[in-house]
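Okay, thanks everyone, let's get going. Have a look at the model on the screen, and I'll talk you through it.

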Protein chains: 2
Amino acid sequence: MAPAHPSTHNDATVGVAVDVVPLTLQEGALHAAVVRVERGDERGRLAFPGGRVRENESLDDAAARWLDGTLPGVRAHVEQLYTFGEPGRDPASRVVSVAYLALLARPLPGALWVPCEPALRLAYDHRTILRTALERLRAKLAYTNLAWALLDESFTLGELQHVYETVLGHTLDRRNFRKRILALDLLTPLGTTRHGAHRPAQLYRFRTRRPITVGVP
Amino acid sequence: MAPAHPSTHNDATVGVAVDVVPLTLQEGALHAAVVRVERGDERGRLAFPGGRVRENESLDDAAARWLDGTLPGVRAHVEQLYTFGEPGRDPASRVVSVAYLALLARPLPGALWVPCEPALRLAYDHRTILRTALERLRAKLAYTNLAWALLDESFTLGELQHVYETVLGHTLDRRNFRKRILALDLLTPLGTTRHGAHRPAQLYRFRTRRPITVGVP
DNA sequence: GCAAAAGTGTTAGTGATACACCCATGA
DNA sequence: TCATGGGTGTATCACTAACACTTTTGC
């Protein structure tokens, strides 16, 4: 921007788009929301919701708009992920895409929810984007309270542990998990219990449902 | 990109640029390389090197090009930082800027090297970009071997500790620092010593001068 | 009564912190 | 000889990891 040295090349043809990676947990596995590409060489393949950024809207606003366009009324935690701009990533035209991560407590209708398997086939470079999103989510789960975004307002410790286990891809010791998570002082017990198929479980909620970094003095 | 739902607005006028934040240590303080804005409303103010992305180059290539244009021949670690796209960030036109962080072992001629003080006045939203760069650097120093990018090939443990102390903004216990950093097994002693004004110090180098994440199983 | 998830404590080991003195050199 | 940075070890504390049994409920 505002070149200190004026550019001498044609550079007005690089477009800007956002792509949103909506993730949620479903049946014990991470699922992503995708839509079918309607036009162009990649027509018919699966891709994340997204498209051009308008001249008068911020990137965050564009991400929210495209997310809501696909999953109307969605309430999600949305954060910028990474920007992908290889010249060949969209065969049709030169488009730089600012990818966003969106975390939902549950799947909503409006898109296809597909499990995040490594073999998942997606249009463009969206497999790379998905990989980046999963890495980010895994990393942030370790040093933030981000799990709130994948859970309802109230939840049991078992459900919270399940979020961690599913995202991290391995099991955790229940006693140690409880000790650690409770020591972080992020949760408030509700005093009520959830009755399921078995012994009722204490319900908790996050003290703050917004990003908090923990353990980094 | 590749809209699943076609956009119905004029959106071809959002431009793409890169801005590079070159950082190095000088006289015990972090310094950033800036240039004077030559044109437009912000003319005369200080800003980071950067400008438009060409149609046929990647974002990384654009960042390298603008960095080299300002600091010719520079060898630096360059990584994408964040993308800034508020509509009003450049008064002249709508430009989305992909910011890059560049870490240098020493300042090079070609730019003004200014200390990274909170009061530093910069054009556009570059103060925000600088703040983001510093946060990123601080965070990554804690869980990567990124310090190599701010040091010459060989260095003493005192110099390495100085990098950490300067970036983190507080002092560290020398004995604990050495124990911890040597336990990470990132360094190789050269067997030679550096003779300065005082007792010679053992020289080390990083086993790998590329990004390594440590301590995250 | 049985299957299934909830709930709970102790121990051992590892890593972090705090802390003080001597060493080698150049000036 | 003195100023300056280099180099070293120990004791304590906090956190992590490993580990098994009892409880409560629905069916």
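**Around the DNA**

Let's start with DNA strand C: of the 20 residues around it, the ones that come nearest are Arg174(A), Lys179(A), Arg175(B), Ala197(B) and Pro200(B). "Near" here means that a heavy atom of the residue lies within 4 Å of the strand.

Before I go on, the ground rules. This is a predicted model, where local features need pLDDT of at least 70 and side-chain atom pairs count only at pLDDT 80 or more, while totals for chains, interfaces and linings use all residues. Residues are numbered from 1 along each chain as its sequence is written, chains are lettered from A and ligands numbered from 1 in the order in which they are written, and side-chain values use heavy atoms, with hydrogens and water left out.

What share of its atoms within 4 Å of the protein belongs to sugar or phosphate? It's 40%, and the rest belong to bases. Now for some polar contacts, meaning pairs of N or O atoms within 3.5 Å; within protein, one must be able to donate a hydrogen and the other to accept it, and residues adjacent in sequence count only if both atoms are side-chain atoms. On the phosphate side, an N or O atom in the Arg178(A) side chain is 3.2 Å from a phosphate oxygen of DNA strand C. For the bases, take Asn176(B), which has a polar side-chain atom 2.9 Å from a base nitrogen of DNA strand C. And Ala197(B) uses its backbone: a polar atom there is 2.8 Å from a sugar or linking oxygen of DNA strand C.

Which elements give two or more residues to this surface? They are α4 (174-183) and β10 (201-206) of chain A, together with α4 (174-183) of chain B.

DNA strand D is surrounded by 20 residues, and the closest are Ala197(A), Arg199(A), Arg174(B), Lys179(B) and Gln202(B). Arg199(A) has a side-chain N or O atom 2.6 Å from a base oxygen of DNA strand D, and Arg175(A) has one 3.3 Å from a base nitrogen of DNA strand D. Ala197(A) again goes through a backbone N or O atom, 2.7 Å from a sugar or linking oxygen of DNA strand D. Here α4 of chain A, together with α4 and β10 (201-206) of chain B, gives two or more residues to the surface.

One detail on α4(A) itself: Asp173(A) caps its N-terminal end, with a side-chain oxygen 3.1 Å from the backbone nitrogen of Arg175(A). Just after α4(A), Asp185(A) takes a positive phi of about 60°.

**The two copies**

How do the chains relate? Chain B can be laid on chain A with an RMSD of 0.0 Å, by a turn of 180° and a shift of 0.0 Å along the axis. The two copies are thus related as by a two-fold rotation axis. The superposition is least squares on the C-alpha atoms of residues with pLDDT of at least 70 in both. Also, 98% of chain B's interface residues are interface residues in chain A too, so the copies meet through the same surface.

Take Ser58(B), in the loop between β4 (50-52) and α1 (59-70) of chain B. Is Ser58(B) buried or exposed? It counts as buried, at 5% relative accessibility. The cut-offs are under 20% relative accessible area for buried, over 50% for exposed and partly exposed in between, with a 1.4 Å probe and protein chains only. Beyond its neighbours within four places in sequence, Ser58(B) is in contact (heavy atoms within 4.5 Å) with Gly85(A), Glu86(A), Pro87(A) and Arg94(A).

**Inside chain A**

Chain A has four helices and 10 strands, and buried residues make up 49% of its 217 residues. Leu81(A) sits in strand β5 (residues 77-84) and is buried, with a relative accessible area of 4%. Among its contacts beyond four places in sequence are Ala99(A), Leu101(A) and Ile129(A).
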